[in-house]
Amino acid sequence: MQFTLNSPLDMHLHLRDGDMLKNIAKFSAKEFAGALIMPNLMPPVTDINSLLSYKERILEVVSGENFTPYMSLFFKSDYTADFLQKAKPYIAAIKLYPSGVTTNSESGIERIDIKKLSPIFEAMSELCIPLCVHGETNGFVMDREREFCAVYEQLAKAFPNLIIIMEHITTCASAEILKRYENLYATITLHHLLITLDDVAGGLLNPHLFCKPIAKRHEDKEALQELALNANKKVMFGSDSAPHLVDKKERCGCAAGIFSAPIILSALAELFEKHNKLTNLQAFVSNNARDIYKLTPIEKNIILEKKEWIVPAKLHDVVPMFAGQSLKWKVKP
Ligand code: NCD
Ligand code: ZN
């Protein structure tokens, strides 16, 4: 048994830089037609030159694969309309990180002052540059995303022509407001469709499932599944695959991020099949993103076959999600 996905897209991907980039980019480049590349390098990608040279480095390591890196800039409060106009041809989105909420977000935005930032949001609306947001406050860890919903609502109301993408949503609260505002969209990760906080910390602690936003409750996971499995037009796949070397994960002070890239399409196929929704996978992993981002990806057909395989324990000193476990579908090489 097999089926084909046409030009899958991963609309939230961390490819890192240097050796890590060299080692891990291939996992995405082989199985996806393109991905939105996150800008939270050290230092973050905030200008056109560093964005273009980062893109070059990515293209160099994925040469030979049919893969488009869609680039994003790291939101800065001093961006001007003139700068945004110049950046527009090179970027697919701008990613806003509140300061300190996740890996390499220290130079993010301290306070999202809608009035002060409005010239940027107005310019982005006019230029049709989507605003991707890491929507968490600095509050209690389980409440951070729910608390941030008020900011999403303010943004959605104040800038009705701005395409706002709620990144990696994890809660019922986000699923609710997403439906309420026309200009709100969301990415959903593989891991938030499959795990809850119990998998991270309910038994023995599993650092490889520790990420931001932290996985939540069963009812939250079900709300995300409802959106993804039915290929709701307002959601698209964004893996948030975020590799860290094993010694950064298996230690006190474990870095946040799950490396899911090597298993994404296999695990998604298994989930969608289990719920009798395989026919909706194409929309969730590609068509919805094309509509939301107005993209025409390169043609690339990925064949998945029903064939059991075991996820390797480690790949280049990074432990992938579900290491050592078996999956039912495999991407045909
Ligand atoms: C990401 C990373 O490691 O860059 N970590 C994570 O837990 N998801 C950053 C992010 O997207 O929050
Ligand atoms: Zn991320």
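Donors are N, O and S atoms within 2.8 Å of the metal, or 3.2 Å for Na, K and Ca; water is not among the atoms, so sites may look incomplete. With that in hand, let's take the zinc site. The donors of the zinc ion, ligand 2, follow the spacing H-x1-H-x225-D along the chain.

Some ground rules before I go on. This is a predicted model: local features need pLDDT of at least 70, side-chain atom pairs count only at pLDDT 80 or more, and totals for chains, interfaces and linings use all residues. Residues are numbered from 1 along each chain as its sequence is written, chains are lettered from A and ligands numbered from 1 in the order in which they are written, and side-chain values use heavy atoms, with hydrogens and water left out.

Back to zinc. Which protein residues are the donors of ligand 2? His12 and His14 each give NE2, and Asp240 gives OD, lying 2.0 Å from the ion. The 4 donor atoms around the zinc ion subtend angles of 92 to 136°, so the arrangement is irregular. Here are the cut-offs. Four donors count as tetrahedral if all angles lie between 85 and 135 degrees; four count as square planar and six as octahedral if opposite donors are over 155 degrees apart and all others between 65 and 115; anything else is irregular.

Buried means under 20% relative accessible area, exposed over 50%, partly exposed in between, with a 1.4 Å probe and protein chains only.

Now the sheets. Helices (H or I, at least four residues) and strands (E, at least two) are DSSP runs, numbered from the N terminus. Two strands pair if DSSP finds at least two bridges between them. Strands of a sheet pair through backbone hydrogen bonds, either parallel or antiparallel.

One open sheet has 8 strands, in the order E2-E3-E4-E5-E6-E7-E8-E9, with parallel pairing. Its edge strands are E2 (9-13) and E9 (235-237), and each pairs on one side only. The twist averages 25° from one strand to the next. On how that is computed: axes are lines fitted to C-alpha atoms, for helices over the stretch in contact, and angles run from 0 to 180 degrees between N-to-C directions. E2 pairs with E3 (residues 34-37) in the parallel sense over 3 bridges. There, Leu9 stands opposite Gly34.

Another open sheet has 3 strands, E1-E10-E11, and the pairing is antiparallel. E1 and E11 stand at the edges with a single partner strand each, so one side of each has no neighbour in the sheet. Here the twist averages 35° from one strand to the next. E1 and E10 (residues 301-310) pair over 5 bridges. Leu5 has Ile302 as its bridge partner in E10, and Thr4 stands opposite Ile303. E10 and E11 also pair over 5 bridges, with Ile310 partnered by Ser326 in E11.

Look at the loop between E10 and E11. Val311 lies there. Val311 is buried, with a relative accessible area of 1%. Its C-alpha is 5.6 Å from that of Gln325, 14 residues apart along the chain.

Next, the aromatics. Rings of Phe, Tyr and Trp (its six-membered ring) pair if their centres lie within 6.5 Å; planes under 30 degrees apart count as stacked, over 60 as edge-to-face and the rest as tilted. The whole structure holds 11 aromatic pairs. One of them is Phe3 with Trp329, edge-to-face, at 5.1 Å centre to centre and 75° between the planes. Phe3 is in strand E1 (residues 2-6) and Trp329 in E11 (residues 326-331), so the pair ties together parts 326 residues apart in sequence. Both residues are buried. Elsewhere, Phe75, Tyr79, Phe83, Phe121 and Phe159 form one aromatic cluster.

Two lysines sit over rings. The test is NZ of Lys or CZ of Arg within 6 Å of the ring centre and within 35 degrees of the ring normal. Lys234 lies over the face of Tyr185, at 5.5 Å from the ring centre. Lys330 lies over Trp309, at 5.3 Å.

Last stop, helix H11 (residues 264-274). How many of its residues are buried? 8 of 11, so to speak mostly covered. Among them are Ile264, Leu265, Leu268 and Phe272. Just after H11, Asn276 takes a positive phi of about 60°.
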